[in-house]
Amino acid sequence: MQTFQPAQLDTLESILEDASEVALDWCARRSDLTVDEKSLGQFATNVDLELETLIRQSLSRHFSGIAIIGEEFGGSLSDGQSGWAIDPIDGTTNFILGLPIWGISIGYIANGRSVAGAISLPELGISLSAAEGTGLRISSSTPIKRPTAPQVKTMSIGENDFELGPATDQRAQSYREQDYSVVRYRCAVFSLSMAALGRLSGYIEHGCGLWDIAAAEIICREAGLQVHSSEIAPGRYAIDAQW
C-alpha cells in the first residue's frame with residue numbers, strides 16, 4: 001500500500017479506539033503498573049508494551065504486508081519507504097503520575113511523507129484524525145470547520161535527551177521576546193493536537209522520534225497550520241508547527 005485512501009480513516013480510528021479503551025482501563029488501576037526506566041528520565045510501562053502489541057496486530061490484520069516502526073519494539077523505515085509509525089503512549093511520565101496529558105499516536109508515512117494519522121488523548125476524551133485532503137476530523141466525525149489561530153499567543157516547546165533544557169530555554173526566551181507565553185507539557189502528541197485544535201499557537205521540538213510526529217504532522221497540516229519537519233540525525237526529527 002503506497003497510498004492511503006480517505007475511506008480507510010474509519011478503520012484507523014477503530015484501531016485507535018480499541019487501544020484507547022485498554023489504556024483507560026489501566027488508568028483505573030495505575031497501582032498495578034510495572035515501570036522500566038529505559039534511560040535517564042525515559043520510562044516505559046507494561047501498558048506501553050501491551051498497547052503497541054495490540055496496535056501492531058490490528059494494523060497487520062487490516063493493512064497486511066506494511067512495515068511498522070514503534071517506540072517500544074523498534075523496526076525501521078528506510079528512506080522513501082512507506083509504513084506505520086506507532087507511539088503507544090507519548091507522555092509516559094505524565095501517564096505514570098496520573099496526569100491526563102498523554103496520547104496514543106498512529107501515523108502512516110508514504111514515500112517519506114506523513115499522509116494519514118490518528119491521535120487519541122483518552123483521559124481528555126479527544127481523538128483527532130486526518131488524511132491528505134480530508135480536513136481535520138474530531139472523534140471520528142465528518143470534517144469540522146477549520147480551526148483558527150488562538151487569540152492568546154502561547155507556544156509549546158519540547159525538550160529531550162537530544163536537545164536538553166539550556167538550548168530549549170534559549171528558544172523559549174526568543175518567543176517570550178515576541179510576546180508569547182511559553183509552556184512545556186512533556187508530550188509532543190498532546191501539544192501538537194492542541195495546536196491543531198487552535199488552542200496553542202504551535203509546537204516546536206528538535207530530536208523527537210518519528211512516532212512522535214507521524215500522525216500529528218498530517219493532522220496539523222489538514223487543520224491549517226504551517227508544518228515543517230525533517231530528520232536532523234539518524235532516527236531523530238525536528239518539527240515546527242505554527243499558525
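In which loop is Arg 186 found?

Modeller: The model is a predicted one. Arg 186 is found in the loop between E10 and H5. Its phi is near 55°, a positive value in a residue other than glycine. Most residues other than glycine have a negative phi, and most peptide bonds are trans. Another residue with a positive phi is Asn 111, where the angle is near 50°, again in a residue other than glycine. Asn 111 belongs to the loop between strand E5 (103-110) and strand E6 (113-121). With a relative accessibility of 49%, Asn 111 counts as partly exposed.

Side chains of opposite charge can pair when their charged atoms come close. Asp 169 and Arg 184 meet through their side chains in a salt bridge, at 2.7 Å from N to O. Asp 169 lies in helix H4 (residues 165-176), while Arg 184 lies in the loop between strand E10 (181-183) and helix H5 (188-196), so the pair ties together parts that are 15 residues apart in sequence. Both partners are partly exposed: Asp 169 has a relative accessibility of 39%, and Arg 184 has a relative accessible area of 31%.

Arg 184 is also touched by Thr 168, a residue placed in helix H4. Thr 168 has a relative accessibility of 0% and therefore counts as buried, the limit for that class being under 20%. Not counting residues up to four places away in sequence, Thr 168 touches Ile 157, Gly 158, Glu 159 and Glu 163 as well as Arg 184.

Glu 163, one of these contacts of Thr 168, is found in the loop between strand E9 (154-157) and H4. Glu 163 counts as buried, at 12% relative accessibility. Its side chain is joined to that of Arg 171 by a polar contact of 2.9 Å. With neighbours within four places in sequence left aside, the contacts of Glu 163 are Thr 168, Arg 171 and His 206.

Two packed helices are described by the angle between their axes and the distance between the axes. For H5 and H6, the packing angle is about 5° and the axes are 9 Å apart. Angles under 35 degrees count as roughly parallel, and H5 and H6 are therefore roughly parallel to each other. From H5, the contact is made by Ala 188, Val 189, Leu 192 and Ala 196; from H6, by Asp 212, Ile 213, Ala 216, Ile 219, Cys 220 and Ala 223. Sorted by class, the contact of H5 with H6 has nine nonpolar residues, no polar ones and one charged one.

Glu 217 and Arg 221 meet through their side chains at 3.3 Å, N to O. The two residues are four apart in helix H6 (residues 210-223), which means that they are separated by about one helical turn. Glu 217 counts as buried at 12% relative accessibility, and Arg 221 is likewise buried, with a relative accessible area of 18%. Both belong to a network of salt bridges that links Arg 113, Glu 132, Glu 217 and Arg 221.

The count of salt bridges comes to 12. One further example is the pair of Asp 25 and Arg 29, whose closest N and O atoms are 2.7 Å apart. Asp 25 is partly exposed, with a relative accessible area of 41%, and Arg 29 is also partly exposed, at 31%.

One residue elsewhere in the chain may complete this account. Asn 46 has its place in helix H2 (residues 46-62). The side chain of Asn 46 reaches the backbone nitrogen of Thr 34 at 2.9 Å. Apart from neighbours within four places in sequence, Asn 46 is in contact with Trp 26, Leu 33 and Thr 34.

How values were computed. Residues numbered from 1 in each chain as written. Predicted model: local features only at pLDDT ≥ 70, side-chain atom pairs only at ≥ 80, totals over all residues. Heavy atoms only, no water. Contact = heavy atoms within 4.5 Å. Polar contact = N/O pair within 3.5 Å; in protein donor to acceptor, adjacent residues only side chain to side chain. Salt bridge = Lys/Arg side-chain N within 4 Å of Asp/Glu carboxyl O. Buried < 20%, exposed > 50% of the residue type's maximum accessible area, 1.4 Å probe, protein only. Axes fitted to C-alpha atoms, helices over the stretch in contact; angles between N-to-C directions. Parallel < 35°, antiparallel > 145°, perpendicular 65-115°, else oblique. Nonpolar A, V, L, I, M, F, W, Y, C, P; charged D, E, K, R; others polar.
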